[in-house]
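Welcome! Please take a moment to look over the sequence and the model before you try the exercises.

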Protein chains: 2
Amino acid sequence: MGLRERKKAQTHAALSWAAVRLTVERGFDKVKVEDIAEAAGVSPRTFNNYFSSKAEAIAFRHLDRCLRIAEALRERPGEPLWEAITDSVLRQFAPDAEAVAHPPVADAAQWAEGVRVMVAEPALRGEMLRAGATAEAEIAAAVAERTGSDPQQDLYPHLVASAVMGAVNTAIAHHLRTDPAVPVSRLLTDALARIAAGLATP
Amino acid sequence: MGLRERKKAQTHAALSWAAVRLTVERGFDKVKVEDIAEAAGVSPRTFNNYFSSKAEAIAFRHLDRCLRIAEALRERPGEPLWEAITDSVLRQFAPDAEAVAHPPVADAAQWAEGVRVMVAEPALRGEMLRAGATAEAEIAAAVAERTGSDPQQDLYPHLVASAVMGAVNTAIAHHLRTDPAVPVSRLLTDALARIAAGLATP
DNA sequence: CAGAATATTTGCGGGACACGCAAGCTTTGG
DNA sequence: CCAAAGCTTGCGTGTCCCGCAAATATTCTG
């Protein structure tokens, strides 16, 4: 990878992290594009060369994480399907997988509350769901490769992918809803197991 | 219901139908809110008293449909869960359930193509998914009532709701992807059955 | 039914956003 | 070292979304 692409990736990440941090700290509508650009050290105009909206910049963190599920899935072709899926998902939601030094947070509780407010923002929810849908397509493709089915014609890989992202979304929502918060890993394990086994009344 | 509420409901419907029709005909970014307002016979400012964005007005048709799933579910408390779910969903996607006289369409194929373009619009996809999520919450509540579980604490009703909306979204996507188009009802029946039974490799 | 109380519609104006365009600057590759 | 390609930036424009307050319509009350 040349210097050029590295710089682009850096800017991409810097912008999305800045967008998330400022939004969690201040709230969505108290952050202007200008602020995000400044925090990332680029001009306001450049922001829109990378993201087509403020919401997209924020949701990019989610997109990135979810895309790695598909990636992880492709890296373990041997195992039984649901075993591989569960493992791939959990790996992305391991406690330290994401936040390595990046949200320079003074108070963890305050940060959590900020996140809760952030994901409640209507404009954001749409964008996060859209990111999930994009990842879902990748997961479906990965599943199709693995099971040797045709994603153009078979419903199965799409159903699996949809169920996986549904489990992820549901687990996150439940995690943010509960107080004290139930760990996401526990919820994910539970959700995926139930989906794989069928959702008959328990 | 007084005259007041009836008029509101009418305006609501008129605006969303106009938004959909114009968007399908011309494409999302060639329709201004002014056009939609005019087509519905209200002032541009009034549009934003009903919908907080152009996208939301369009997605409202989807929201309306999906909310009726929860409603239908509540109207049949006796039956086994998945039987009731399947029936409630299929009822909303019956061929003539929605379009009674409303999309005054000259050419059906052209309309279908317009819809395909419309749902590909990024801004729209986010809003449709958000509508789905709103409906999902209602469905979860309905399932919780039925199974007597606490939606604050139990994951199950949310998982079921998520799976149902996942099936709906997947079926619609597949319907729009295939050519010749596979009927939605067939896809929905298939998807729901598989989810209820578990998604083991077939 | 009259008039008060309450809602809704509308026009105006402002703040922010997204993006096309063209000029300048940086990296790349020979 | 130079030309080609790509990225960044400033500027201008069109649209959108919403707060506010006046005008209009509906409902309520006596």
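The model is predicted, so local features need pLDDT of at least 70 and side-chain atom pairs count only at pLDDT 80 or more, while totals for chains, interfaces and linings use all residues. Residues are numbered from 1 along each chain as its sequence is written, and chains are lettered from A and ligands numbered from 1 in the order in which they are written.

**Exercise 1. Find the rotation that superposes chain B on chain A.**

Step 1: Superpose the copies by least squares on the C-alpha atoms of residues with pLDDT of at least 70 in both.
Step 2: Read off a rotation of 180 degrees, with 0.0 Å of shift along its axis and an RMSD of 0.1 Å. This is the relation of a two-fold axis.
Step 3: Look for the residue of chain B that comes closest to the axis; B:Gly198 does, with its C-alpha at 1.6 Å.

**Exercise 2. Describe the side of chain B that touches chain A.**

Step 1: Count the contact residues (C-beta atoms, placed from the backbone, within 7 Å): chain B gives 35 and chain A gives 35.
Step 2: Assign them to elements (helices are DSSP runs of H or I, at least four residues, numbered from the N terminus). On chain B, helix 7 (122-147), helix 8 (156-177) and helix 9 (184-197) each give two or more residues. Helix 8 of chain B has the largest share, twelve residues.
Step 3: Sort this side of chain B by class: 18 residues are nonpolar, eleven polar and six charged. Here Ala, Val, Leu, Ile, Met, Phe, Trp, Tyr, Cys and Pro count as nonpolar, Asp, Glu, Lys and Arg as charged, and the others, Gly among them, as polar.

**Exercise 3. Which residues come nearest to DNA strand D?**

Step 1: Collect the residues near the strand (C-beta atom, placed from the backbone, within 6 Å of it); there are 19 around DNA strand D.
Step 2: Pick out the nearest: A:Ser43, A:Thr46, B:Gly2, B:Arg4 and B:Ser53.
Step 3: Name the elements that give two or more residues: helix 1 (3-26) and helix 3 (44-50) of chain A, with helix 1 (3-26), helix 2 (33-40) and helix 3 (44-50) of chain B.
Step 4: Divide this surface by class, which gives three nonpolar, eight polar and eight charged residues.

**Exercise 4. Which residues are closest to DNA strand C?**

Step 1: Around DNA strand C there are 19 residues, and the closest are A:Gly2, A:Leu3, A:Ser53, B:Ser43 and B:Thr46.
Step 2: The surface near DNA strand C has three nonpolar, eight polar and eight charged residues.

Key
Two residues are in contact if their C-beta atoms, placed from the backbone, lie within 7 Å.
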